[in-house]
Amino acid sequence: MNLEYFSEGLDCLMYCGMKLSPEQRILIENSLIALQNDNRFSGMYLWGRITATKNDYYIAFGYTNDCLKDRKYFYSLDQFQWQLLPFVQSPTIFQATILAREPFIGDPSLMSYVKLDPTFDIVGNQVAGIGRPEVVKLKEEERLAAIVFIITEECAICPRGAFYKMTDGRVIPNQMFRGLNDLQIENQSYYQLYRLPRNDLKVNLAKRSDYNYAIDFLDTIDCVIPLGQSFALNMQRNEHLVIIKSCLWMGMTFFHKMNSHKHGFLYLGDGKKNFDLLFMY
């Protein structure tokens, strides 16, 4: 949720039942303005809230030069003081985060133990032995950083043309973006994943007849597996507003106002993936 139109963006998400109290709005907005000034960020965003049993985690991020590569994430327990979220690189931490079934507690220093899946020894295309499952010591702060990264990678959305790739490789907000029109707004190919692209540039460009090297470098949401089931698009025609919900991560919601540069996403959930999606259709 962009800090520039913070209140208006939250009002748009109220159509699908996602909201913050007036006190939370004022406290978060003012604290994020101070956080942006202290770190001299070019852009500041509220990522969302992860529900915990004791204290909920509020997540925000900002960037300086590149809005994809320079993002720094912060978390807060009181919506006022923000702590830098650690950068997780270990594949073991990500695997343990996905397998962790216990809810978040709200204590960043809390340690938990997660049993990983067993490993298999393959000899000649046959299973020769099964290794003992490894038990990983997982800190809740690292788990929080990993789950924020995973959710952002899989379902954070932006409309096509909202971001512009410079000749030097930097990605910045497109100042000429005027929003999607009536013919584009219900087409999922006009919405992109707000993260570094995984597909080759030629693959993304080959999908479009009106391709543009500067704005079509991101992956589109219509290629997310399972195809056609990962996102649910709803159109509020009276308000010229589109709402897209993630079916994989319940609580991640995106909005965009037609013929306007205003768009954003917000996650309000418990940080658990919907593994039952394939059985819901």
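## The ring cluster

Tyr 45, Phe 61, Tyr 63, Tyr 73, Phe 163, Tyr 194 and Phe 265 are joined into a cluster by ring pairs. Keep in mind that this is a predicted model. Across the structure there are 14 aromatic pairs. One of them is Tyr 45 with Phe 61, a stacked pair with 5.0 Å centre to centre and 10 degrees between the planes. Tyr 45 sits in strand β1 (residues 43-50) and Phe 61 in strand β2 (residues 57-63), so this contact ties together parts 16 residues apart in sequence.

## Phe 61 and its other ring partner

Phe 61 also pairs with Tyr 73. Here the ring centres are 5.3 Å apart and the planes are at 40 degrees, so this pair is tilted. It links distant parts of the chain too: Phe 61 is in strand β2, Tyr 73 is in strand β3 (residues 72-76), and the two are 12 residues apart.

## Buried or exposed?

Phe 61 has 0% relative accessibility, so it counts as buried. Tyr 73 has a relative accessible area of 18% and is buried as well, because the label applies under 20%.

Note on methods. Residues numbered from 1 in each chain as written. Predicted model: local features only at pLDDT ≥ 70, side-chain atom pairs only at ≥ 80, totals over all residues. Heavy atoms only, no water. Phe/Tyr/Trp six-rings, centres within 6.5 Å; stacked < 30°, edge-to-face > 60°. Helix = DSSP H or I, 4+ residues; strand = E, 2+ residues; numbered from the N terminus. Buried < 20%, exposed > 50% of the residue type's maximum accessible area, 1.4 Å probe, protein only.
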